[in-house]
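This briefing is for a reader who has not seen the structure before. Please look over the sequence and the model first, then read the points below.

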Amino acid sequence: MNPIEIIEKYYDKKSELYEILIKHSSQVRDKALEVVQKHSELGADSQFVAEAAMLHDIGIIFTNAPKIYCFGKHNYIEHGYLGSELLQQEGFLKHALVCERHTGVGLSLDWIVRNKLPVPHRDMVPISIEEQIICYADKFFSKTNLNVCLPIEVIVKKLEKHEKSNSSLFLEWHNRFR
Ligand SMILES: [Fe+2]
């Protein structure tokens, strides 16, 4: 499959949003591939990682986040499962799971319920090694500040804004994937 072809079915190639999505997704893809190459012991599928990393944020177009030129009606936190639904319709079920399992360090059902998040009530946490690597790589890059790779301390602080245990899972990944 060609992820760019799928992106271009939904995004206007000449738009600012397209630029942001492609830049961010390429950064995440390259970081994730770096992990795959450094750690052959993980047995991750590099082709799948490359494709799914490019598509992980495809759902942002349906959300309302004017700072990054998203003018949809959904809450930003919904972009994961919305992207997942889009890729399911396109017939890419495995890639779809990467979309819905990459927000933060994943959204557990318990977390969704406790925080009354406007997303479907199911566990959306990264399970396969490829899902974990992409979720990890994504944390290094922001879509509002495209030119930086965030330092670990900043990522940890951001995750701890939500819950302390979020940063311990990230740090566990960091130990395995660095
Ligand atoms: Fe992302």
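**Helix packing, core and loops**

Helix 2 passes helix 3 in a right-handed crossing. The model is a predicted one.

**Helix 2 and helix 3**

- Helix 2 spans residues 16–38 and helix 3 spans residues 46–55; their axes come within 8 Å and cross at roughly 160°.
- An angle over 145 degrees counts as roughly antiparallel, and helix 2 and helix 3 are therefore roughly antiparallel to each other.
- On the helix 2 side, the contact is made by S25, V28, R29, A32, L33 and V36. On the helix 3 side, S46, V49, A50, A53 and M54 meet them.
- Sorted by class, this contact of helix 2 with helix 3 has eight nonpolar residues, two polar residues and one charged residue.

**The largest nonpolar core**

- In soluble globular proteins, nonpolar side chains tend to be buried together.
- Here the largest nonpolar core has 39 residues. Those with the most contacts inside this core are A32, V49, A53, L87, I133, I134 and A137.
- At least two residues of this core come from each of helix 2, helix 3, helix 4 (79–89), helix 5 (93–100), helix 7 (129–138), helix 8 (152–160) and helix 9 (164–177).
- Helix 2 supplies the largest share of this core, six residues.
- Leaving out residues up to four places away in sequence, A137 touches V28, K31, A32, V35 and A53.

**Helix 5**

- Helix 5 is largely enclosed by the rest of the structure, because six of its eight residues are buried.
- The buried residues in helix 5 are H95, A96, L97, V98, C99 and E100.
- These buried residues of helix 5 pack against helix 3, helix 4 and helix 7.

**Two loop residues with positive phi**

- Most residues other than glycine have a negative phi.
- Y69 is not a glycine, yet has a positive phi of about 60°. Y69 is placed in the loop between strand 1 (64–65) and strand 2 (70–71).
- Y69 has 16 C-beta neighbours inside 10 Å and so counts as partly exposed.
- K116, also a residue other than glycine, has a positive phi near 50°. The loop that holds K116 runs between helix 6 (109–114) and helix 7.
- K116 counts as exposed because it has 6 C-beta neighbours inside 10 Å, and a residue with 12 or fewer is exposed.

How values were computed
Residues numbered from 1 in each chain as written. Predicted model: local features only at pLDDT ≥ 70, side-chain atom pairs only at ≥ 80, totals over all residues. Axes fitted to C-alpha atoms, helices over the stretch in contact; angles between N-to-C directions. Helix = DSSP H or I, 4+ residues; strand = E, 2+ residues; numbered from the N terminus. Parallel < 35°, antiparallel > 145°, perpendicular 65-115°, else oblique. Left-handed = near helix turned anticlockwise from the far one by under 90°. Contact = placed C-beta atoms within 7 Å. Nonpolar A, V, L, I, M, F, W, Y, C, P; charged D, E, K, R; others polar. Core = buried A, V, L, I, M, F, W, Y, C linked by C-beta atoms within 7 Å. Buried ≥ 20, exposed ≤ 12 C-beta atoms within 10 Å, placed from the backbone.
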